[in-house]
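Morning, everyone. I have a few minutes on one structure. Let me put it up.

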Amino acid sequence: MLINHPLLGPRDAAEFTCFGDASLLLRPDPGPNGEPDQAAMDAFHDYLHLRDNPAGTHQELWYHEQGDRSWLVVTRDTINHSIIKVELARNVKARNLKTREGAG
Amino acid sequence: MDADFRLKGGLINRRKPLDFSFNGAGLSGYAGDTLASALLANGRHFVGRSFKYHRPRGILSAGVEEPNALVTIGTGAMADPNIRATVAELYDGMVARSQNHLGSLEWDLLSVNDAFSPLFGAGFYYKTFMWPAAFWEKLYEPMIRRAAGLGALSGQDDPSRYDKGYRHCDLLVIGSGPAGLMAALTAGRAGLRVILAEQDFIMGGRLNAERERIDGMPGAEWAAKACAELTAMDNVMMMPRTTIYGAYDHGVYGALERITDHLNDGEDGDGGDQPRQILWRIYSRRAVLAAGSIERPIAFGHNDRPGIMLAGSVREYANRYAVAAGRRVIVFTNNNDGWRTAHDLRSRGVEVAALIDTRSDIDLPAPAGVRVIQGSAITDTKGRTRVRSITLMSGEELACDSVAVSGGWSPTVHLTCHHRGRPKWDASIAGFIPAGEIPPGMDVIGAAAGKMATSEALQGGITAGTSAARDLGGKTVKMAMPDCEDRAFGIDPVWHIPSSRARAWVDFQNDVTTKDIRQSHLEGFRSVEHLKRYTTLGMATDQGKTANIPGLAVMAEISGKSMDEVGTTIFRPPYTPVPIGAFAGRGRGPDFMPTRIPPSHRWAEERGAVFVETGLWLRAQWYPQPGETHWRESVDREVIATRSSVGICDVSTLGKIDIKGADAGEFVNRVYANGFAKLPVGKVRYGLMLRDDGFVMDDGTTARMAENHFIMTTTTANAGGVYRHLEYCRQCLWPELDVALISATDQSAQFAVAGPNSRRLLEKIVDDGVDLSNAAFPFMACGAITICGGVEARLFRISFSGELAYELAVPARFGDALARVLMQAGEEFGVTPYGTEALNVMRIEKGHATANELNGQTSAHHLGMGRMLSPNKDFIGRIMAHRPELTRGDGIRLVGLKPVDPAKMLSAGAHFLEADAPSRASHDLGWMSSVAYSPILNSSIGLGFVKNGYERMNSTVRAVDFMRGTDIEVEITSPHFIDPEGRRLHD
């Protein structure tokens with residue numbers, strides 16, 4: 001499999017480690033410091049333990065461990081392994097943050 | 001002199017005779033022969049025994065599809081089993097043996113299985129060996145494996161070397177028949193980077209086997225001319241002896257190139273400086289599959305006798321290898337192709353006793369002097385180790401010594417299935433053609449696509465090459481279509497001869513007969529997937545290349561379905577077997593993984609250190625002194641010397657991460673559970689790192705070298721994981737922070753200098769002006785200094801041993817020198833190097849946790865560090881660290897443990913139980929995580945986790961170790977066995 005790294009061009013998938021569902025980017029709001037409330041616990045429970053693993057289009061985190069150590073968000077069809085989009089995770093996250101602020 | 005069955009002509013080199021042996025008999029052949037063609041030239045058909053019934057078997061085919069002629073080639077460690085004689089290129093001195101028989105090939109004792117064949121039908125194993133279950137592993141399986149088998153491994157290490165490589169191209173052409181050559185020529189002339197891969201040792205594919213002419217010259221000559229042009233092109237790479245065995249994602253293909261298999265490299269496997277085989281990963285933008293087609297047999301009674309071969313192969317042996325399959329050949333066919341074989345044999349002077357066609361009213365020119373029998377079939381054959389005669393439907397018996405059978409040709413669709421493409425039935429050629437999800441970027445042309453005529457193959461090559469050139473930016477070239485002769489394709493699919501009452505084979509390699517398929521149908525295993533698994537049809541090493549289609553067709557007939565409805569199973573990589581050694585490449589033995597050595601490795605070797613593997617690292621475990629006979633003597637001495645004066649230890653393997661940036665402080669504060677915001681410059685702090693699920697991930701010390709510069713250390717084992725985690729935090733969670741990370745583990749050599757004399761030792765090597773006094777450089781101080789007259793270094797006053805101690809880091813290149821300098825400077829104090837074992841003893845004496853305690857299942861509260869979780873900030877793991885199970889007061893706690901009887905030894909992994917509790921998991925109180933012998937306390941000591949551990953302080957429990965069979969009484973103590981107040985640290 002080849003991943004078209006946004007900075008480095010096509011790279012063999014063997015250089016990467018896959019970390020599954022890119023929803024890991026969406027760490028919930030932890031709320032006020034100290035002991036958390038139940039809502040925060042529940043949100044983190046979902047965040048940590050409930051991941052999608054669809055047959056079809058999926059956003060995944062891939063870490064370029066044997067390369068430049070970028071974390072990438074790879075949009076991939078898990079059925080035929082075609083790769084639809086590759087972005088730097090930091091850019092995706094920055095966009096998420098902006099949207100969240102915009103919405104808030 | 002030529003062997004008995006050698007004809008004139010052919011593509012063999014008669015000036016290069018080669019000697020070889022088969023089962024000890026000395027034989028000869030020529031360069032250009034395969035083992036199979038050379039055996040046939042010497043009149044040898046009978047070369048093996050079948051898998052299950054141990055029936056005599058001969059050479060069926062002339063290619064990779066061969067199910068019968070599996071032999072062992074080479075001797076000693078180089079003996080290579082299950083080699084298809086039909087693709088083994090002959091070399092001088094080749095030693096080949098038959099396999100799968102008990103006693104000689106001619107008188108195999110296991111051929112008794114054939115007499116009991118009614119017992120060994122489909123599903124035999126499942127029905128017979130069901131009970132009692134315990135017999136399976138001990139009796140049935142070894143027995144079956146012995147009787148039903150292939151060749152045996154040498155039992156020795158494989159002396160061959162293998163390699164791996166990577167190649168890139170615009171267009172990968174798979175197969176060098178007329179279609180592949182034309183595609184390569186077109187793309188090559190257009191300037192594309194082309195790789196042409198051919199599994200055979202000469203290029204040309206079927207052109208080498210046929211007599212039809214292209215552009216007025218023999219096909220083989222035309223192929224050689226095309227290859228000469230391709231070889232001369234800088235942009236084309238020719239890869240003969242290379243099998244494309246798998247089609248992977250995004251244009252990646254797996255290829256196995258055989259470099260020295262055709263050379264005699266004796267018993268030592270010394271192929272000069274060449275590896276035996278190379279496993280290539282080929283990155284292509286486009287691919288052309290021109291893999292041709294494979295002929296299949298017809299199932300008639302006793303169709304497995306030696307001498308009964310595929311007709312196209314008989315033709316190939318005659319035309320390419322100049323070998324007659326027999327002196328009196330009978331051709332049996334259901335299609336026009338059998339007629340070609342009869343013509344070619346006749347024209348080479350081989351007697352053809354009869355041409356039998358299952359069809360009637362066929363109006364093809366008959367070869368001169370050949371009796372043509374239409375509308376009939378072979379129902380049975382005779383002959384023990386060689387076919388002697390055949391019986392026709394009429395009952396007439398015809399003598400022969402060879403039968404050439406053609407059941408039609410199946411496109412070689414294997415690679416088109418590797419992305420789950422499911423071929424579809426094409427009635428016009430009576431074969432499955434590529435369909436469904438064939439690998440993106442792959443064009444299938446020629447016979448592989450069901451285009452059986454030579455002109456279609458050539459045209460397909462031009463079209464595919466042109467389209468690749470157009471899409472990939474090649475030049476436009478005008479290709480002239482070569483002149484060629486086509487043979488009309490015609491087939492009336494007859495798969496088996498129902499009037500045959502004798503057993504008729506469809507899968508020769510797995511001994512599957514039409515009867516087995518009937519039985520499978522009868523017992524309800526009717527879907528192709530069930531049929532395959534129940535009868536093992538197509539599951540042998542040849543993946544049913546000749547067997548699948550006839551097998552499926554018989555099932556279709558029995559169940560009254562069309563081939564469309566029955567469908568086909570699909571193929572997985574590899575197309576043909578790939579040796580495990582090739583997949584391993586150079587990654588064998590010590591090269592399986594890289595070995596990392598710390599900077600003082602050579603120095604430690606000189607001192608006779610005993611080394612231990614910790615992850616990839618090779619670390620000094622202890623340093624034996626003359627006269628020490630047991631490791632404990634060395635380790636005890638190292639501990640006592642360090643605690644009483646000074647010791648040094650290479651701790652460079654600890655992970656080091658350099659963290660810089662305006663937000664570096666904020667970043668460190670967020671990834672550690674305890675507070676770091678107020679850590680002053682010039683200070684080090686212990687940090688506890690959690691995963692976001694609340695469990696402890698790692699720990700270490702982090703030094704603030706400057707306002708915006710931290711150096712974090714991690715445990716040796718977790719260096720990679722922590723670095724990855726920090727990059728995840730930086731890029732995926734907080735991209736807004738201005739912070740940069742770099743792994744600095746390999747950049748510096750770091751030594752622990754520990755013991756009451758450590759300061760005095762260091763004072764001798766630091767440069768003037770570096771003040772190491774307790775006031776100027778107190779416990780947990782850090783700073784950049786210079787030593788030995790200007791060498792830049794970093795000094796940290798931290799202690800893993802519990803003594804007054806420092807860690808001193810210098811650029812890695814100075815590591816070896818630093819070890820020697822420390823030893824020299826410390827001579828007056830009796831400085832002692834210590835290894836990982838003494839390091840471990842001292843950290844257990846001090847009660848420090850390490851990987852044994854931070855095993856990913858323990859929380860801060862378990863470790864007694866619950867109060868370190870900062871209430872004043874958010875940090876990774878904060879929310880979930882508050883889960884009730886991780887914080888409960890009666891949960892496990894890290895404690896120290898001592899045997900009540902000091903003569904007893906603790907063991908790590910032991911579980912704790914109350915004195916009167918039964919030894920069951922439900923009564924488990926926890927486990928011993930680390931143990932050591934303390935030469936200071938003269939006792940075995942341990943660290944472990946005990947439920948409600950603090951409440952149980954000073955009480956006793958049992959430590960039960962089922963693995964080692966021990967059950968001893970232990971006392972629960974503080975984990976800080978020495979200096980619990982920490983006075984030494986602050987001296």
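The buried residues of helix 7 of chain B are Ala311(B), Gly312(B), Ser313(B), Val314(B), Arg315(B), Glu316(B), Tyr317(B), Ala318(B) and Asn319(B). That is 9 of its 9 residues, 311-319. Buried means 20 or more other C-beta atoms within 10 Å of a residue's own; 12 or fewer is exposed, in between is partly exposed, and C-beta atoms are placed from the backbone. Helices are DSSP runs of H or I, at least four residues; strands are E, at least two; both are numbered from the N terminus.

Some ground rules. This is a predicted model: local features need pLDDT of at least 70, side-chain atom pairs count only at pLDDT 80 or more, and totals for chains, interfaces and linings use all residues. Residues are numbered from 1 along each chain as its sequence is written, while chains are lettered from A and ligands numbered from 1 in the order written.

What covers helix 7 of chain B? The cover includes helix 1 (35-41), strand 18 (328-333) and helix 8 (337-347) of chain B.

Next, the cores. A nonpolar core is a set of buried Ala, Val, Leu, Ile, Met, Phe, Trp, Tyr and Cys residues joined through C-beta atoms within 7 Å. The largest has 162 residues, and Val173(B), Ile174(B) and Val329(B) have the most contacts inside it. Apart from it lies another core of 102 residues, Trp622(B) and Met880(B) among them.

Last, domains, with bounds from an automatic or database assignment. The centres of domain 2 and domain 4 of chain B, taken over C-alpha atoms, are 30 Å apart.

Conventions: Contact = placed C-beta atoms within 7 Å.
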